[in-house]
Amino acid sequence: MKCAVYYGPRDVRLEDRPIPEPGSGQLLVRVDYVGICGTDVHSYQMAGIISPVRVLGHETVGTVVRIGSGVKEFAVGDQILCGPPTRCRENCPSCRRGETNICINGFPRTAGIGELDGGYAEYLLVNDVRHTMLIKVPAGVNAREAVLFDVVCVAFHGIRKSRFRLGDNVVISGGGSIGLSAIALLKLAGANKIIALEVAEDKHDIMRAYGADYVLNPKRFDDVGAKIRDILGTGVGADVVFECVGRADSLETCVMQCVRPGGQVMLIGAGGEPLSLATARFVPHEIDLQCSFVYTEDEVRTYLELMAVGKIDFSTLVTDVIHLEDCVERGLERLSRPGNGQIKILIAPSA
Ligand SMILES: [Zn+2]
Ligand SMILES: [Zn+2]
């Protein structure tokens with residue numbers, strides 16, 4: 001089978017490997033779609049995120065083609081979403097509390113990120129059916145949209161974990177796929193004024209289309225905080241601010257300029273840059289800094305249900321679908337270039 005293997009920054013190679021044979025408690029799926037995640041792009045640009053040598057791809061929808069012994073939950077022909085680990089084999093303290101998204105064993109066991117090969121391949125071996133997020137794609141849901149679970153559900157979890165309440169004013173920093181998802185979900189959830197920040201102005205139209213009432217390029221303002229207070233008309237910043245970029249300058253803008261005293265900044269984006277925030281400038285305002293990481297299986301099921309009944313539609317996040325052979329040039333390399341005009345690129349390895 002063809003697969004794309006990560007050897008290190010700017011070194012992803014197409015290889016031919018034998019199709020894996022599913023053993024006890026395992027499944028083999030033919031990959032229908034796999035999303036190119038920001039994590040893949042960051043790993044393509046810099047070392048230290050994904051360890052070589054690994055088949056990339058952790059957001060996959062595929063069709064079951066072979067079933068290992070002891071697997072009763074799935075049948076050949078089922079189309080399933082293959083996500084990160086769910087409750088771990090050791091039932092660790094996080095999993096015992098139901099916080100499977102912060103399972104202490106989760107990251108290394110995520111296919112395409114940790115020790116297991118992922119979905120940039122014609123076939124994906126699901127290593128451990130009982131401990132992997134595997135959900136049948138329901139009737140009425142298109143696989144091309146189901147595979148967006150890894151971006152939409154990140155925003156979904158961040159909003160559910162936040163103090164957001166009906167009628168709150170919100171700021172979203174970032175117009176990538178997670179920021180756009182957050183905008184649409186906050187609109188669905190009844191936000192009052194939705195202000196979005198994005199330096200790439202080619203994204204402003206789609207941010208408005210997803211529900212932002214105001215879209216600002218923070219770089220165009222000497223004092224973007226004053227502009228936000230002016231729009232809100234409250235004299236203070238937003239009730240809840242969602243940071244969906246993971247850059248230091250974005251987080252500093254969120255904390256220092258966008259949030260009201262006593263409000264919350266929800267950190268969804270994660271990056272490697274150190275921060276230079278003086279606590280004396282935000283502690284006296286009792287700013288609540290809260291982190292949010294990925295999502296739970298329950299949230300993914302809810303996402304699919306909302307999609308099946310037509311309450312959400314994220315189809316326009318997908319800006320291109322490419323062949324596996326093109327995953328470097330038309331995928332990782334292209335997404336590494338600023339101003340590429342892309343939101344979410346999917347690979348269809350079996351097409
Ligand atoms: Zn991802
Ligand atoms: Zn665990």
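Student: What makes the arrangement of the four donor atoms around the zinc ion (ligand 2) tetrahedral?

Tutor: Good place to start, and keep in mind that this is a predicted model. The donors here are the SG atoms of Cys88, Cys92, Cys95 and Cys103, at 2.3 to 2.4 Å from the zinc ion (ligand 2). Four donors count as tetrahedral if all angles lie between 85 and 135 degrees. The angles at this site are 103 to 113°, so the arrangement is tetrahedral. For reference, the ideal angle for four tetrahedral donors is 109.5 degrees.

Student: What spacing do the donors of the zinc ion (ligand 2) follow along the chain?

Tutor: The pattern is C-x3-C-x2-C-x7-C. Of these cysteines, Cys95 and Cys103 are both buried.

Student: Why is the site of the zinc ion (ligand 1) called irregular?

Tutor: Let's run the test again. The zinc ion (ligand 1) is coordinated by Cys37 (SG), His58 (NE2), Glu59 (OE) and Asp150 (OD), at 1.8 to 2.5 Å. Its four donor atoms give angles of 75 to 146°.

Student: What puts the buried residues of helix 1 on the same side?

Tutor: The buried residues in helix 1 (residues 38-45) are Asp40, Val41, Ser43 and Tyr44. They cover an arc of only 160° around the axis, so they lie on the same side of helix 1. In general, an α-helix has 3.6 residues a turn, so residues three or four places apart point the same way. The buried residues of helix 1 pack against strand 1 (2-8), strand 2 (11-16), strand 3 (27-35) and helix 10 (327-336).

Student: Why do strand 2 and strand 4 stand at the edges of their sheet?

Tutor: The open sheet has three strands in the order 2-1-4, with antiparallel pairing. Strand 2 and strand 4 (54-55) each have a single partner strand, so one side of each has no neighbour in the sheet.

Student: How do you know that strand 1 and strand 4 pair?

Tutor: Two strands pair if there are at least two bridges between them. Strand 1 and strand 4 have two bridges, in the antiparallel sense. In this pairing, Tyr6 stands opposite Arg54 in strand 4.

Student: What makes strand 6 mostly covered?

Tutor: Six of the seven residues of strand 6 (residues 79-85) are buried. Strand 6 pairs with strand 5 in the antiparallel sense over four bridges, and four bridges also join strand 6 to strand 8 (residues 132-136), again antiparallel. As examples, Thr60 has Cys82 in strand 6 as its bridge partner, and Ile80 has Lys136 in strand 8.

Student: Why does Lys227 count as partly exposed?

Tutor: Buried means under 20% relative accessible area and exposed means over 50%. Lys227 has 29% relative accessibility, so it counts as partly exposed. Lys227 is found in helix 7 (residues 224-232). Leaving aside neighbours within four places in sequence, Lys227 is in contact with Leu216 and Phe221.

Methods: Residues numbered from 1 in each chain as written. Chains lettered and ligands numbered in written order. Predicted model: local features only at pLDDT ≥ 70, side-chain atom pairs only at ≥ 80, totals over all residues. Heavy atoms only, no water. Buried < 20%, exposed > 50% of the residue type's maximum accessible area, 1.4 Å probe, protein only. Arc of directions from axis to C-beta. Contact = heavy atoms within 4.5 Å. Donors = N, O, S within 2.8 Å, 3.2 Å for Na, K, Ca; no water. Tetrahedral: all angles 85-135°; square planar, octahedral: opposite > 155°, others 65-115°.
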